[in-house]
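Okay, thanks for coming, everyone.

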Amino acid sequence: MPLLVRHAIEYGLVILGSFFVALAFNVFLLPNNIASGGVAGISTITKGIFDWEPGIVQWVLNVPLFITGVIILGKNFGVKSFVGTMVLPLFVLLTSNLAPATPDPLLGAIFGGMGVGLGLGIVFRGRASTGGIDLAAQVLHKFTHLPLGVSVALFDGLIVLTSALVFSLEEGLYALIGLFATSRTIDFVQVGLNTSKNVMIITENLEETRLKILNEIDRGVTVLQGSGGYTDEQRKVIMCVVQQNEFIKLTQTVKRIDPGAFVVAMNATEVLGEGFKMP
């Protein structure tokens, strides 16, 4: 794909994803006082306390956070991330007059969280971010050496706790539901439903098993060299990646050849290459 076309697609994804985040925020989260983390959550709280316009609050917070991240972390966050930082509050302002989709806070938390997750997942597909609390978490991670996931959780947790104090405990709990829906939806957008299985097989009938997988299941295999942790005996291990709907056939084939075979299966959520998704 030509570089110019690829960049145009990525910028388009950043803008489209930011629009979905803003839409979900204004029609699901904000009307139900659901502050499910991030700068958007802070703007929901300030709206409830001071009646400040959320889009303006997000601009006021996002721009300094972005600049601070660039200065302190010494990274080039890229023009696309700056675009995401700027256009998200703009879309929040432009969609602020839309009618709420539902007065039910549970539905607002679930579908608002899913909408935000969809938008952020699309932005991440465009190799960018919308800035905000993630940058603050990276700064905290740099100076305290806390794991990045813990740093993000601390900020989001503080925002949710504040929302519970400002609004109610019930709305704070709804915010947690929104956070969970967002994270699950981001995962879905990133890797889809096509979870594969990475299977490791230790068998006495390695050659027959290898040929059956190649010819009957039509999947490639890799033979790894291993050794027993107790006996130090050299053993060969078959590694094979299959689709979910091929897994049962694979295990049945292996057990038919060698009932005593040792089989370990792990989820593989992103498989690139021949027979799977191409990079």
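This is a predicted model: local features need pLDDT of at least 70, side-chain atom pairs count only at pLDDT 80 or more; totals for chains, interfaces and linings use all residues.

I'll go through the salt bridges here, pair by pair.

Residues are numbered from 1 along each chain as its sequence is written, and side-chain values use heavy atoms, with hydrogens and water left out.

So, how many salt bridges does the structure hold? There are 10, a salt bridge being a side-chain nitrogen of Lys or Arg within 4 Å of a carboxyl oxygen of Asp or Glu.

Take K80 and E10, whose side chains meet at 3.4 Å, N to O. K80 lies in helix α4 (residues 78–94) and E10 in helix α1 (residues 3–29), so this pair ties together parts that are 70 residues apart in sequence. Helices, by the way, are DSSP runs of H or I, at least four residues, and strands are runs of E, at least two, numbered from the N terminus.

Buried or exposed? K80 is buried at 16% relative accessibility, and E10 is buried too, at 5%. Buried means under 20% relative accessible area, exposed over 50%, and partly exposed in between, with a 1.4 Å probe and protein chains only. Both residues also belong to a salt-bridge network with R6 and R127.

Now D187 and R184: their closest N and O atoms are 2.8 Å apart. They sit three residues apart in helix α8 (residues 169–191), about one helical turn. D187 is partly exposed at 34%, and R184 is partly exposed at 46%.
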